[in-house]
Amino acid sequence: MPRRRPRRKQRPPAPSRLPDTTMAISLTETAASHVAKFLTMRGKGVGLRLGVRTTGCSGLAYKLEYADDIRPEDHQFKSHGVTVIVDPKSMPYLDGTQLDFTREGLNEGFKFNNPNVKDECGCGESFNI
């Protein structure tokens with residue numbers, strides 16, 4: 001008679017994982033309109049790529065460029081019809097950021113409203129989290 005293996009005790013099911021926190025980046029209507037206009041004038045591109053790089057007085061600076069492709073690891077957000085693309089390494093620094101386009105006198109440009117920023121350098125080019 002063949003030997004029977006002892007039955008293994010069944011493990012209890014693994015506890016269910018909590019859902020991942022949804023992170024978001026958004027554009028104001030003014031910023032989205034500006035980006036859409038420039039993507040159209042450019043004649044190509046799938047959206048706006050945001051990121052951070054190590055530099056400056058405070059340690060981090062924003063990167064902003066038009067994106068021609070979306071990489072598999074990228075995070076994507078739609079805001080007022082514009083696709084915003086963020087690489088995974090930059091995402092924790094940009095979570096919750098709203099990008100605006102402002103005009104003040106003769107100056108115009110993008111303004112990052114980032115709730116994670118703890119300190120900015122005096123020149124306004126870099127920030128710290």
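A salt bridge is taken here as a side-chain nitrogen of Lys or Arg within 4 Å of a carboxyl oxygen of Asp or Glu, and a search of the whole structure finds five of them. The model is predicted, so local features need pLDDT of at least 70 and side-chain atom pairs count only at pLDDT 80 or more, whereas totals for chains, interfaces and linings use all residues. Residues are numbered from 1 along each chain as its sequence is written, and side-chain values use heavy atoms, with hydrogens and water left out.

View 1. Three strands, in the order β1-β6-β7, make up an open sheet of mixed pairing; strands (E, at least two residues) and helices (H or I, at least four) are DSSP runs numbered from the N terminus, and two strands pair if DSSP finds at least two bridges between them. Because β1 (26-27) and β7 (107-113) each have a single partner strand, one side of each is left without a neighbour in the sheet. The pairing of β1 with β6 (residues 98-104) is parallel and runs over two bridges, with L99 of β6 as the bridge partner of L27.

View 2. D74 sits in the loop between β3 (59-67) and β4 (75-79) and is buried at 9% relative accessibility, where buried means under 20% relative accessible area, exposed over 50%, and partly exposed in between (1.4 Å probe, protein chains only). Its side chain forms a polar contact of 3.0 Å with the side chain of R49, the term denoting a pair of N or O atoms within 3.5 Å, of which, within protein, one must be able to donate a hydrogen and the other to accept it, and residues adjacent in sequence count only if both atoms are side-chain atoms. The side chain of D74 also reaches the backbone nitrogen of R71 at 2.9 Å.

View 3. The side chains of D68 and K44 form a salt bridge at 4.0 Å, N to O; D68 belongs to the loop between β3 and β4 and K44 to the loop between α1 and β2 (47-55), 24 residues apart. R42, K44 and D68 are linked in a network of salt bridges. R49 and D69 meet through their side chains at 3.9 Å, N to O, and because R49 lies in strand β2 and D69 in the loop between β3 and β4, the pair ties together parts that are 20 residues apart in sequence. R49 is buried, with a relative accessible area of 8%, whereas D69 is partly exposed at 42%.

**View 4. The R103 and E108 pair.** The side chains of R103 and E108 form a salt bridge at 2.7 Å, N to O, and both residues are exposed.
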